[in-house]
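Subject: Structure for your files

Hello,

Here is the structure I said I would pass on. My notes on its helices follow below it.

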Amino acid sequence: MGIELSILSGIWGVIIGSFLNVVIYRVPQEKSIIHPGSHCTACGHNLRPWELVPVLSFLILRGRCARCQEKISWRYPLIEALNGVLYFYAAWMNHSDSFLQLGVNFYFLSTLLVLAVIDWDTYRLPDVFTLPLLGVGIVAGFLLPQGPSGWESLATAVGVGGVFWLITRLYPEGMGLGDIKLIAGLGTFLGFPEALIAIFIASFTGSIGGLIMLSFKKRSFREQIPFGPYLVLGGWVVFFWGQTILSFYDSLF
């Protein structure tokens, strides 16, 4: 798609990213994402319209609440900006004229972002996100031309998810059921063998990340390290560059 639509998609992604911040903060606490409105978590100050502009409000306020001057986490504008970048690039790389396809791609990318941050914070991958991801991926496979077919999506989810489910039966400490559901969801959107590439990237980067955290004493050997963020990273990489990776691999043989 053209640069104009890509830019508009990026702006839309930043706006949606602001809503994702609410979802990430409230859903793990089982709070409503609608009521009450956006407010400072320190003093309860209801944010005014000019304080709700994604990214810009954070810069204008210099990262502090307008009333109590409590610091606002840098993570809020980062998530907004990252979601905008994902939407921009998804629109830029989209080869379909279907806006429904583009919307499904946006849903996939944003859901992964939400899951990555929630898992990093809570070591949980809530079913309210992983199960719809699985369902939408299968339905999209049957209805939309881009990406794996419906049967391929279903087979990849059952096959790859089933294998790792069996692994958890033998080694429960290695991976949680939430990770298995996320893997199955990735399988529906990526297909085979792309889903395996995403898992390989997740395992590799997860190992590197774990070693870095151990070296800086951010984690101990006995502490759990969330695998979801690395699965999300692998999913994003394969979503955007999976065919390039496969072509490069084929060129080696």
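Please keep in mind that this is a predicted model.

I began with helix H8, residues 194-215. Its 22 residues reach 32 Å from the first C-alpha to the last, close to the 32 Å expected at 1.5 Å a residue. The buried residues in H8 are Glu194, Ala195, Ile197, Ala198, Ile199, Ile201, Ala202, Gly206, Gly209, Gly210 and Met213. They pack against helices H4 (99-122), H6 (150-170), H7 and H9 (228-251).

Helix H1, residues 3-26, has 24 residues and reaches 35 Å between its first and last C-alpha, close to the 34 Å expected at 1.5 Å a residue. Among its buried residues are Ser6, Ser9, Gly10, Gly13, Ile16 and Gly17, and towards the end of the list Asn21 and Arg26. The cover over the buried residues of H1 includes helix H3 (75-93), H4 and H5.

The remaining item is one helix pair. Two packed helices are described by the angle between their axes and the distance between the axes. For H5 (residues 127-143) and H7 (residues 177-190), the axes come within 8 Å and cross at roughly 25 degrees. An angle under 35 degrees counts as roughly parallel, so H5 and H7 are roughly parallel to each other. The crossing of H5 past H7 is left-handed.

On the H5 side the contact is made by Asp127, Thr130, Leu131, Leu133, Leu134, Val136, Gly137 and Ile138, and on the H7 side by Gly178, Lys181, Leu182, Ala184, Gly185, Thr188 and Phe189. The residues of this contact divide into 8 nonpolar, 5 polar and 2 charged.

Regards

Technical notes. Residues are numbered from 1 along each chain as its sequence is written. This is a predicted model: local features need pLDDT of at least 70, side-chain atom pairs count only at pLDDT 80 or more; totals for chains, interfaces and linings use all residues. Side-chain values use heavy atoms; hydrogens and water are left out. Axes are lines fitted to C-alpha atoms, for helices over the stretch in contact, and angles run from 0 to 180 degrees between N-to-C directions. Helices (H or I, at least four residues) and strands (E, at least two) are DSSP runs, numbered from the N terminus. Angles under 35 degrees count as roughly parallel, over 145 as roughly antiparallel, 65 to 115 as roughly perpendicular and the rest as oblique. A crossing is left-handed if the near helix is turned anticlockwise from the far one by less than a right angle, and right-handed if clockwise. Contact means heavy atoms within 4.5 Å. Ala, Val, Leu, Ile, Met, Phe, Trp, Tyr, Cys and Pro count as nonpolar, Asp, Glu, Lys and Arg as charged, and the others, Gly among them, as polar. The expected span of a helix is 1.5 Å times one less than its number of residues. Buried means under 20% relative accessible area, exposed over 50%, partly exposed in between (1.4 Å probe, protein chains only).
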